[in-house]
Amino acid sequence: MSDRDTAYVWVGRDAGGRPGPAVRLLRRAGAALLGRAEAEVVLAHGPAGNPVVRVAALADPGPVELPVSVSRAGQVVVVAARAAGPVGVDVEEIRPLPALALARRWFSPDELAWLATRPEAGRAAEFLRLWTAKEAVGKALGLGLRAGGLLREMPPPVGPGLPLRPVPGGEPLRVGHPELGGGLVLAVAVRAEAGVDVDVEVVQRAGHDVAADRSAPVERTSLPVVVRGNASSRRSTRGRL
């Protein structure tokens, strides 16, 4: 594990929304970042209902907690964890959808205008990059899409694998889209003060190749109807979110 401020994303195969695969990844994340055995890691919720993993402290009276985030799409489940602070993750499968019609209903006028300028062939993917960014930021805030989360403006996506970008609005938030492949859009968001470099490392373990799952139906979706801000992937390249 890196000594830098790093958000880690574990990718595995889902099992029809059953909790088992996510629980295993959450325990693996807790063990890796807290330096304890997976059997010692307990799943819990923070004061705002956000998920955390927890282990008993070795010396202090209170437990040690780690903020985590979970998302599913098709047969893929992703878990994000970060020792330095809150993190949010969201994943969606790229598929045909009425991008402009959905954006008119859910996005800000500026985001709609930006989306309308995108080539039609890639507009669905760009819509999903904006959508997953909103979801990931909402999770990093512990709010989800409550409190006007869909109207929270995101920086225009610049494609996968590029640095995390500041989120407009004054809060110390950044969001980006690490390269995942397999016809999936992945967004990761963190709370981090200016001047702090955040890496994102995507871990795809053997047997969890998302590209092999493209024929799987979309079973779970939220849609209603780092090297210096870089993401890195042990499967392919290193350096970004």
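Reader: What makes Phe107, Phe127 and Trp131 a cluster?

Author: Ring pairs link Phe107, Phe127 and Trp131. Rings of Phe, Tyr and Trp (its six-membered ring) pair if their centres lie within 6.5 Å. The model is predicted: local features need pLDDT of at least 70, side-chain atom pairs count only at pLDDT 80 or more, and totals for chains, interfaces and linings use all residues. Residues are numbered from 1 along each chain as its sequence is written, and side-chain values use heavy atoms, leaving out hydrogens and water.

Reader: Why is the pair of Phe107 and Phe127 called stacked?

Author: Planes under 30 degrees apart count as stacked, over 60 as edge-to-face and the rest as tilted. The planes of Phe107 and Phe127 are 20 degrees apart, and the centres 4.9 Å. So the pair is stacked.

Reader: How do you know that the charged end of Lys134 sits over the ring of Phe107?

Author: NZ of Lys or CZ of Arg must be within 6 Å of the ring centre and within 35 degrees of the ring normal. The charged end of Lys134 is 4.9 Å from the centre of the Phe107 ring, and is listed as sitting over it.

Reader: Why is Ala101 called partly exposed?

Author: Buried means under 20% relative accessible area, exposed over 50%, partly exposed in between (1.4 Å probe, protein chains only). Ala101 has 44%, so it is partly exposed. Phe107 and Phe127 are both buried.

Reader: What span should helix α4 have?

Author: The expected span is 1.5 Å times one less than the number of residues. For the 19 residues of α4 (residues 123–141) that gives 27 Å; the end C-alpha atoms are 27 Å apart, so the two agree.

Note on methods:
Helix = DSSP H or I, 4+ residues; strand = E, 2+ residues; numbered from the N terminus.
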